[in-house]
Amino acid sequence: MSLLTRIPAAAALVAAAFSIAAPAAAQTEVKLAYALAVNSHYGAGAAAWAETAEKLSNGKLKFKQFPSSALGGERETVESVQLGTLEAVIVSSGTLSNFVPEVGVTDIPFLFRDLAHARAVLDGKVGQDLLAKFPARGLIALAWGEQGFRHLTNSKHPVQKPDDMKGLKIRTMENPVHITAFKTLGAAPTPMAWPEVIGALQQGTIDGQENPMSVIVSAKLAQVQKHLTLTGHVYSPAALMVSPKLWNSLDAEGKKALTEGAKAGVVAMRRFVDEVERKGVEDVKAAGMQVVVLDDKSKSAFQQALGPAYKQYESRYTKALIDSIANAK
Ligand code: PAF
């Protein structure tokens, strides 16, 4: 072999050695799980979170989404985030008070007047103080997203007044505040993880469930439930969370990318909720649901009926905190 042919071959070897020694910037995979389909408010939030965080981290963060409870129910996914076997979740407050009990205050029925009130409280001091409680429980909560106000569906009869709740077997989230409320109204609350709910409704082992329009529409509940009552009984926040294992592995830039991404996720979720609140009821009517709209008098009858439950909430969360949320502008 001549000297002329040997020099380029040696140069190629040196170049190859360098490309092995200096790999492309390391990429961190962020597995993100949530309970609902891609075409839900969770899917919208996840897409915006992923897109923004990937862009701001210059591709160092790479999201992989697991929608539709693919990695288990909400409680299981939160446990996986604590363990660090899953990097990120979007979950309702349903299961959260089992991890961070203080969050339960947001689940109190008829606490928030409307979406603007709830958003202002969660974006303000109360919401941010709650987020700050998560690290002590092995979780990093970056922002409050939402689902909207929860309404009641069932397969038995139209619910127009508290008495109509008597004896109805209603699936609730695994959430002590909700369970207390439904017991107080005379229903038979049946706490159940979301992945079992559609099957249980189909088989008739439960009569109904309660969820916001965002879920009623995206999970196609009109296919398994005849009656919808627009109770708006509870506002349903959702947390965008990551594992401490992921968080602690990131530099300041990576943390900023995740946090800004979560904020973009919240904006997308709220936009989806606004849209579905505007046209969801017409959609489910078109799909065959019978809808009861409660006037102010009927709503306050539900509030009155919940009197004994409010006593319990006050002793658990303090009247001062509940009043400060209810009276927030
Ligand atoms: O009802 C629930 O468990 C929740 O609202 C859901 C549907 C899993 C979304 O977080």
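This is a predicted model: local features need pLDDT of at least 70, side-chain atom pairs count only at pLDDT 80 or more; totals for chains, interfaces and linings use all residues.
**Pockets, cavities and a buried strand**

The residues lining the largest pocket split into nine nonpolar, three polar and four charged.

The volume of the largest pocket is about 310 Å³. Its lining has 16 residues, and the closest to the centre are Arg113, Asp114, Phe149, Gly232 and Lys299. Which elements supply at least two lining residues each? Keep E8 in mind. We will meet that strand again.

Now the whole chain. The protein chain has 13 helices and nine strands. Its C-alpha atoms fill a box of roughly 100 × 45 × 30 Å along the principal axes. There are 329 residues, and 51% of them are buried. Take the contacts with a separation of 6 or more: 75% of them join residues 24 or more positions apart.

Next, strand E3, residues 88-92. Is E3 buried or exposed? Five of its five residues are buried, so the strand is largely enclosed by the rest of the structure. Buried here means under 20% relative accessible area. In a regular strand, side chains alternate between the two faces of the sheet. On one side of E3 sit Ala88, Ile90 and Ser92; on the other, Val89 and Val91. Both faces are covered.

Who are the neighbours of E3? Strand E1, residues 28-34, pairs with E3 in the parallel sense, over three bridges. Leu32 stands opposite Ala88 of E3. E8 runs antiparallel to E3, and five bridges join the two. There, Val89 has Met241 of E8 as its bridge partner.

Last, the cavities. How many of 30 Å³ or more does a search of the whole structure find? Two.

The largest cavity holds about 100 Å³ of space. E8 is back: this strand and helix H6 (176-184) each give at least two residues to the lining. Among the lining residues are Phe110, Leu152, Met165, Thr231 and His233. By type, the lining has nine nonpolar residues, two polar and no charged.

The second largest cavity holds about 50 Å³. E1, E3 and helix H3 (74-83) each supply at least two of its lining residues.

Notes. Residues are numbered from 1 along each chain as its sequence is written. Side-chain values use heavy atoms; hydrogens and water are left out. On a 1 Å grid over the protein atoms alone, a cavity is a set of points where a 1.4 Å probe fits but cannot get out, and a pocket is an open set with protein on both sides within 12 Å along at least five of seven lines; lining residues have an atom within 4 Å of a point. Grid points are joined across faces, edges and corners, and a volume is the space filled by probe spheres set on the points. Ala, Val, Leu, Ile, Met, Phe, Trp, Tyr, Cys and Pro count as nonpolar, Asp, Glu, Lys and Arg as charged, and the others, Gly among them, as polar. Helices (H or I, at least four residues) and strands (E, at least two) are DSSP runs, numbered from the N terminus. Buried means under 20% relative accessible area, exposed over 50%, partly exposed in between (1.4 Å probe, protein chains only). Contact means heavy atoms within 4.5 Å. Two strands pair if DSSP finds at least two bridges between them.
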